[in-house]
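Here are my notes for your next look at the coordinates. Please keep the structure open while you read.

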Amino acid sequence: MTIAQESATTPSRSAARRRNRLDIKEGRTAFFFLLPSLIGVILFLVVPILASLVLSFTNWKLLGKPEFVGFANYVRLFSTDPQFWAVLRNTLFFTAEYLVLNIIISLGLAVWISSLKVGQRWFRVIFFLPTFTPGIAVAIVWMLIFAPGGFFDFLMSAISVQVPSVLTDQTLAMQAVVVVSLWAGVGYNTVLFNAALDMVPANYLEAARIDGASAWDRFWKIRLPLISPTLFFGTVMTAITSLQVFDQIYVMTRGGPGSATATLGYAIYQKGFQNFQMGYASSIAWVMFALIMALTALQFWLQRKWVHYDN
Amino acid sequence: MKITYVLAAALLAGSSMLAATASAQETVNLTWQMWGDESDTALFTSLADLVTAEYPNIKVTPQFSGWTDYWTRLPVLASSGQIADLVAMQSMRMPSFYSVLEPLDSYIAADGMDKAEFESSIMNGLSHDGVQYALPYDVGPWLVYYNRDKFAAAGLAEPALDWTFDDFKADAIALTQGETFGYATQAFDYVAGPIALGAEYFNDANQFDVTNAGYVDAVKKYADLTVADKASPVFASGAGAISGSGRFAAGSAAMYIDGPWVLLNTKDSVDFKIGVAPLPRGEGDSRFITAGSGWGVAAASQHKEEAFKALKVLTGPKAAEILASAGRALPGRLAQQDFWYDVAAKDVSGTRETLKFMFEHSTPFRLNEYWNDFENLLTQYMPLALNGDKTTQEVLSDIQSQLPM
């Protein structure tokens, strides 16, 4: 009995050992192939991230030696900083408005483009153009358009519409930032969703049409569920980038007027690179990190309810 | 045989002499970091050449970065040990950055340099706690630029040297006609303007106290020109520091406040006659703050002695003459200021009288390490007082609450 057992197990054990050895050997080779990017990731991602975590517990001012201050930066952030809650509110407001509008507009454009008989490719290129235009350049041009006495004001007065100058109005300034962000950001999602829509098998739609489903039903019950994984990807990525919004605000409003457009991304720049409070800026960065993590986790949790994977 | 010995001796002597000259002439390469762009290279290289002409063993190489980047790079370069030997510094940034510079007092004393050859307010501006950290190449007070054609068209007398805020206000209102504003406000007006009116934004301990009655009142006077009299457009926080110059140059604003450092560019970019006047005074005497820039020796430099020698040439009379004649800078050296008046300010009415008057009435520009925070907050929050969303008092309280104490 024992002999039989042994003879039965020995070959499999030695096979496992051989496989194991092979794995180790392959693993080692793979490790060397991965090493260049691993070094890059450690040097430029892991180390700075850990450094910023350490910095957030110091009062480093770029010049001089950092001193350990415990949780003082975080305490100041949540209790005494008069601007922080406004900044957080602005960031969430911008994210919510921009995310919803971006998804609706880009989905609308994607559906429209995919319904076109001719020129699909051209429209895709046209809408994608702003995506590879530098964000700063886009923001500068829009800043000149919206500046007091600028082109927008001229246009409004030419058609006798009384609106306050956009960038000096507390409510409109944020809307201007949203408009510019949409102009620059919609193209990417449009192309993404358009590609997904084109992948929807034509026979599904054909079958639905024969069964008498209306265009609205075909969109709502077939195409949308089938592109939901792409829609989910687009939503998550857009949410992350909108929580980090910076370029447009840096160029157009510098967080103003007042704190109307001050967001987390801009606050990090302002505290860190204008006021040289690196420790404090790092603590804001970690709050932003936590916020992005939480929101992304929430989206992943919610996706179970609305994202349909084919298999 | 004898001849061979003599020849050998001569060769030996010659080679040792050569070695001696070589060691005396060992070149010291100094780097010189400052703001600017490629177009400045020729001018500043000509200054660097002056150093080599005076000290053949010292070679200075200028390095430029844009104005905004300069102040981000400076602390990064300093903390990573890559700072240049000679470092450009602006008086308003001195409280934040003096620690990267070498105190110059001992060098100045050893050299016997006469500090009185420089304009006193900028020497003060480039020192910190009484220690000199840099020598100036330019200086200037904030002053009022005005469009002489518009003054003439409105039948107004041109500003007097000791004009009051009420005169300024009356002119601004009179010059506001149709699409044209009498004045285009910018963020820094709420620093230089109130000072000229006699107000202080600091308490006696050199800490921000921007809610004191005098300062609030003075800021309100300027803000009312926009919010009540509609004599100026509101500036947007994104472009708060520069929008006025654009409007002035375009002819859609008759007055704005800036320094003499923009005079050359302004003069060349407008198609009307411009004049300059001191900032208007309040009830008391006129008083003006000045700012300027200079160069210092990096505390981390390996060649401080040579760097100071170079600095002496770069801020010397000849260099000042070159910069002034090019219109690049109103020299911090008093004797060379005439070159600037004769060249850059040639067609600008009242420049010499105005600047001389303002230097005579200069007051120390009080700064602390949070100065940059304050300027940014003014740019960000003043538009709310200008568009009437908040009162001046509320805006200044907001700013005060955000300034580190």
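1. Chain A first. Take its contacts between residues at least 6 apart in sequence: 71% of them join residues at least 24 apart. Keep in mind that this is a predicted model.

2. Chain A has 12 helices and 0 strands. Along the sequence, the pattern reads α-α-α-α-α-α-α-α-α-α-α-α.

3. The C-alpha atoms of chain A fill a box of roughly 100 × 75 × 35 Å along the principal axes. Of the 311 residues in this chain, 32% count as buried.

4. Now the contact between the chains. Chain B gives 26 residues and chain A gives 27 residues. On the chain B side, α3 (67-79), α17 (371-386) and α18 (392-402) each supply at least two residues. The largest share of that side, 8 residues, comes from α17(B). By type, the side of chain B that touches chain A splits into 11 nonpolar, 13 polar and 2 charged residues.

5. Chain B holds an open sheet of 5 strands. Its order is β2-β1-β3-β10-β6, and the pairing is mixed. Why is one side of β2 (58-65) and of β6 (135-141) in chain B left without a neighbour in the sheet? Both strands stand at the edges with a single partner strand each, so one side of each has no neighbour there. From one strand to the next, the twist averages 15 degrees.

6. Within that sheet, look at β1 (residues 28-35) and β3 (residues 86-90) of chain B. They pair in the parallel sense over 2 bridges. Q33(B) stands opposite V87(B) in β3(B).

7. Helix α13 (residues 304-314) of chain B lies across β1, β2, β3, β6 and β10 (290-297) of chain B. The helix runs at about 145 degrees to β10(B). Is α13(B) mostly covered or mostly uncovered? It is mostly covered, with 8 of its 11 residues buried. These buried residues are E306(B), A307(B), F308(B), K309(B), A310(B), L311(B), V313(B) and L314(B). Note that the list includes E306(B) and K309(B).

8. A further strand pair in chain B is worth a check. Strand β7 (residues 143-147) of chain B and β8(B) pair in the antiparallel sense over 4 bridges. The bridge partner of L143(B) in β8(B) is D258(B).

9. Stay with β8 (residues 255-258) of chain B. M255(B) and I257(B) point one way, and Y256(B) and D258(B) the other way. In a regular strand, side chains alternate between the two faces of the sheet. Which residues of this set are buried? All of them: M255(B), Y256(B), I257(B) and D258(B).

10. Last, L156(B). It sits in the loop between α7 (148-153) and α8 (165-175) of chain B. Leaving out residues up to four places away in sequence, L156(B) touches F151(B), D171(B) and A174(B). L156(B) and D171(B) are 15 residues apart along the chain, yet their C-alpha atoms are separated by 7.3 Å.

Definitions and conventions: Residues are numbered from 1 along each chain as its sequence is written. Chains are lettered from A and ligands numbered from 1 in the order in which they are written. This is a predicted model: local features need pLDDT of at least 70, side-chain atom pairs count only at pLDDT 80 or more; totals for chains, interfaces and linings use all residues. Two strands pair if DSSP finds at least two bridges between them. Axes are lines fitted to C-alpha atoms, for helices over the stretch in contact, and angles run from 0 to 180 degrees between N-to-C directions. Two residues are in contact if their C-beta atoms, placed from the backbone, lie within 7 Å. Ala, Val, Leu, Ile, Met, Phe, Trp, Tyr, Cys and Pro count as nonpolar, Asp, Glu, Lys and Arg as charged, and the others, Gly among them, as polar. A residue is buried if 20 or more other C-beta atoms lie within 10 Å of its own, exposed if 12 or fewer, and partly exposed in between; C-beta atoms are placed from the backbone.
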